[in-house]
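Here is a friendly briefing to read alongside the structure.

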Amino acid sequence: MDADWAAQRLGEIRTLMERSSLYRRALAPTTTLTGIIGMIAGIVGWTFPIETGKGFCIFWMMTGGISLLVSLLMIRRQAWKDKELFWSRPTRRFIQALCPALFAGTCLGIIGMVHPQINKAYLWNLPALWMMFYGCALFSAGFFMPRGIRLFGSIYVLCGAISMFHFTTEALHQTLPRIVHAHIVMGSSFGILHFFYGIYLSLTEHNS
Amino acid sequence: MKTETFSQINKVIHEKGRMAIMSALAANPEMSFKELKGALGMTDGNVSVHIRTLQQAGYVIVSKTFVNNRPHTSYRMTEQGLKAFSEYIDLLEEIVRLNRESH
């Protein structure tokens, strides 16, 4: 045993600690609240029919932004209560893992916003693409989070793929419904799925 | 001095598998069996054997509960474990420092 070996072992310990530190802050409440926001947004978009492509994109990107902001505030509050750093290493890695796919999804929304005359097929595929990108974001972040998040991300990717197949077929047959119904797709996927997953997390987190 | 330092090495933590478990538990307040296994890429048997040794040394607390009627095992590091792990790291740093001074 020599000093090189000791230095190597210290490096191994550092790597192991970094790699195994999991992000688990406020998962259940943020997921449940995101679900509630998603369901409310779905109902609002459908009831006060937001029918234009631009309106649809702005409305759902704002909903996503609000959900993100509320989640970050809850995470910050929990960190403050536990006297921990908000911008800790696990939080940083979790956010970094989410960013690329969320950025790609945002770009798709911006395209819908800046081109008001964009065709209906694009708009109908937006929820499917958002689901897939969001699923990818969760899957990436799942490597730094407790087990279950990757499965949740995979469910989104699967739902997105099914939706895309369905709506592309509808578009080819020119039987796409009015864009107002896309709010239901968004509300049920982003709202209901998050809500039930949040409930599941709150039940299992207390027991573990 | 050098021989003395080396002889102080904690043999329980020194083993590679147990060092990995202690590192993971030092970074997380609590980890389940699956999380530990997944994070370290160890087999079920390896995790169980090393955890038993760490538990016998008083470094780890094992909690067994039921989640949705399924057994759920989680692990936490004890105060004693944290102290021993800190001392182990301090000793490694001491070895590195002594070597730098001698060169």
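Predicted model: local features only at pLDDT ≥ 70, side-chain atom pairs only at ≥ 80, totals over all residues.

Chain A has seven helices and zero strands, while 24 residues of chain B are in contact with 18 residues of chain A. The largest nonpolar core has 31 residues, and a second, separate core has 27.

**Chain A overall**

- Followed along its sequence, chain A reads α-α-α-α-α-α-α.
- Of the 208 residues in chain A, 35% are buried.
- If you take the contacts in chain A between residues at least 6 apart in sequence, 82% join residues at least 24 apart.

**The largest nonpolar core**

- Within this core of 31 residues, those with the most contacts inside it are A:Met131, A:Phe133, A:Tyr134, A:Ala137, A:Leu138 and A:Ala141.
- Five helices of chain A each supply at least two of its residues: α3 (53-81), α4 (89-114), α5 (120-141), α6 (149-172) and α7 (182-207).
- Which helix gives the largest share of this core? That is α5(A), with twelve residues.
- As background, nonpolar side chains tend to be buried together in soluble globular proteins.

**How α5(A) and α6(A) pack**

- The axes of these two helices, α5(A) and α6(A), come within 7 Å and cross at roughly 165°.
- With angles over 145 degrees counting as roughly antiparallel, α5(A) and α6(A) are therefore roughly antiparallel to each other.
- Their crossing, α5(A) with α6(A), is left-handed.
- Sorted by class, the residues in the contact of α5(A) with α6(A) are 21 nonpolar, seven polar and one charged.

**Where chain B meets chain A**

- On the side of chain B that touches chain A, at least two residues each come from α3 (16-27), α4 (33-40), β2 (60-67), β3 (70-77) and α6 (79-102) of chain B.
- By class, that side of chain B comprises 13 nonpolar, eight polar and three charged residues.
- From α1(A), the contact is made by A:Ala3, A:Ala6, A:Ala7, A:Arg9, A:Leu10 and A:Ile13; from α6(B), by B:Ile89, B:Leu92, B:Glu93, B:Ile95, B:Val96 and B:Asn99.
- The contact of α1(A) with α6(B) has nine nonpolar, one polar and two charged residues.

**A closer look at B:Val62**

- This residue, B:Val62, lies in strand β2 of chain B.
- Is B:Val62 buried or partly exposed? B:Val62 is partly exposed, because 13 other C-beta atoms lie within 10 Å.
- Apart from residues up to four places away in sequence, B:Val62 touches B:Ile51, B:Gln55, B:Thr73 and B:Tyr75.
- One of these, B:Ile51, is eleven residues from B:Val62 in sequence and 8.5 Å away in space, C-alpha to C-alpha.

Notes:
Residues numbered from 1 in each chain as written. Chains lettered and ligands numbered in written order. Contact = placed C-beta atoms within 7 Å. Helix = DSSP H or I, 4+ residues; strand = E, 2+ residues; numbered from the N terminus. Nonpolar A, V, L, I, M, F, W, Y, C, P; charged D, E, K, R; others polar. Core = buried A, V, L, I, M, F, W, Y, C linked by C-beta atoms within 7 Å. Buried ≥ 20, exposed ≤ 12 C-beta atoms within 10 Å, placed from the backbone. Axes fitted to C-alpha atoms, helices over the stretch in contact; angles between N-to-C directions. Parallel < 35°, antiparallel > 145°, perpendicular 65-115°, else oblique. Left-handed = near helix turned anticlockwise from the far one by under 90°.
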